[in-house]
Amino acid sequence: MKVHLISGFLGSGKTTAIQTACKVLMAEGLNVGVITNDQGIKLVDTGFFESHSIPNRQVINGCFCCNYNALDENIQSLIQTNSPDVIFAESVGSCTDIVATVMKPLLQFRNDVTVTVSTFVDVQLLHMLFVEKKHVFNEEVQYIYQKQLEEAEVIVVSKIDLADEKTLSSVRYFLKDQFQDKQVIYVNGTDDESTTEWLDVITSKTNHFIPSSLDIDYPTYGAGEAMLAWLDAELKIDSNINSAQQTAIQLAKQIYKNVQNEKLTIGHLKFLIDDVIKISYTASGNETIVSEACNAGAASILINARIQTTPVFLSSLINRAIEQTEKENNCIVVKEKFTAFQPGYPAPTHRIMV
Ligand SMILES: Nc1nc2c(ncn2[C@@H]2O[C@H](COP(=O)(O)OP(=O)(O)O)[C@@H](O)[C@H]2O)c(=O)[nH]1
Ligand SMILES: [Mg+2]
């Protein structure tokens with residue numbers, strides 16, 4: 001069985017590529033399983049796997065490395081219920097050091113697996129950070145980004161369909177120059193053929209070569225994680241003019257506007273309205289809206305926000321957007337769930353350096 005560990009910063013395209021890869025592999029008759037990992041409770045992304053009957057599990061309340069036993073139990077549970085040929089395990093976007101804390105422990109404690117590590121990077125964000133040298137993130141957050149690249153077995157440069165030739169060629173030059181020992185693949189994770197190129201590479205990997213464990217400073221890594229606020233909310237909007245979904249979209253845009261006005265850096269900002277409308281923003285500034293609004297007297301909106309600020313500030317910013325939306329639309333927004341927090345200090349269950 002293959003376990004593909006998928007690392008990479010928030011919003012870099014991990015889930016999208018996993019979804020496409022699952023469709024491709026299932027069409028070939030293979031059994032797949034997915035383990036997602038986030039720090040919140042209910043996630044915008046899990047709905048896709050459910051609706052495509054892709055067996056999936058979640059490791060919640062912390063990253064794989066700090067919850068290694070939960071990851072292992074989920075692998076076991078997928079094996080028992082579904083005998084997967086391939087498992088994709090997507091780690092939290094602000095996590096790194098997974099070669100030492102996840103890959104090597106899996107190889108040591110399980111004798112039935114081949115493990116690969118791919119690190120996803122959004123081509124436009126990589127360009128902004130390393131070619132234009134823009135200060136998108138605080139130093140400590142950029143440290144995590146850098147470490148994710150350093151430990152990759154395969155670097156997957158994603159969203160190439162959104163980049164122009166000039167951006168692509170300077171990113172190619174940068175990676176050739178700085179990461180000459182890495183295998184680098186350029187993909188559009190929404191496209192089957194392009195994603196298959198990545199799949200072919202990781203499928204052919206054996207564990208004869210295992211990447212080195214990272215040389216990493218945990219206090220800096222911990223400080224970087226603590227600079228990101230995580231907010232998960234489930235809201236209900238009631239409208240007496242049947243425009244609850246439109247209002248929900250307006251609320252999502254208002255939240256994004258408030259984040260921009262405060263000049264905060266987005267890890268990711270995702271909204272799911274009535275399980276069908278998906279709106280997503282990332283650090284490179286792209287907005288994706290999937291599906292159109294229809295008339296409805298009530299709408300549910302799920303928010304997953306990972307943003308460089310404090311949980312208190314993020315909460316107040318979202319509360320402000322809610323009040324603005326209520327006033328402008330003469331509607332009521334009920335907060336069914338609302339939690340904001342910072343990831344805890346990374347404390348891996350195992351850390352294998354050799
Ligand atoms: N155009 C385009 N959009 C992408 C691609 N990969 C991801 N996205 C979009 O980028 C956003 C973040 O992607 P996601 O897979 O959720 O990133 P994750 O946080 O790394 O799992 C979503 O809005 C995706 O639709 C890609 O290859 N091309
Ligand atoms: Mg994801």
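## Ligand 1 and its surroundings

In this predicted model, 20 residues surround ligand 1, and the closest are T15, T16, D161, G189 and K270. A residue counts here if one of its heavy atoms lies within 4 Å of the ligand.

By class, this shell has 3 nonpolar, 12 polar and 5 charged residues. Gly is counted as polar, and Asp, Glu, Lys and Arg as charged. Three elements, α1 (14–27), β9 (266–273) and β10 (277–282), each supply at least two shell residues. The most come from α1, with 3 residues. Helices (H or I, at least four residues) and strands (E, at least two) are DSSP runs.

Domain 1 (2–223) and domain 2 (229–341) both give residues to the shell, so ligand 1 lies between them. The domain bounds come from an automatic or database domain assignment.

Polar contacts (pairs of N or O atoms within 3.5 Å) are listed below.

| Protein side | Ligand 1 atom | Distance |
|---|---|---|
| G11, polar backbone atom | oxygen | 2.8 Å |
| K159, polar side-chain atom | oxygen | 3.1 Å |
| D161, side-chain N or O atom | nitrogen | 2.7 Å |

Taken alone, ligand 1 exposes 570 Å², and the protein buries 90% of that (Shrake-Rupley method, 1.4 Å probe).

Residues are numbered from 1 along each chain, while chains are lettered from A and ligands numbered from 1 as written. Local features need pLDDT of at least 70, side-chain atom pairs 80 or more, and totals for chains, interfaces and linings use all residues, with side-chain values based on heavy atoms, without hydrogens and water.

Terms used: Polar contact = N/O pair within 3.5 Å; in protein donor to acceptor, adjacent residues only side chain to side chain.
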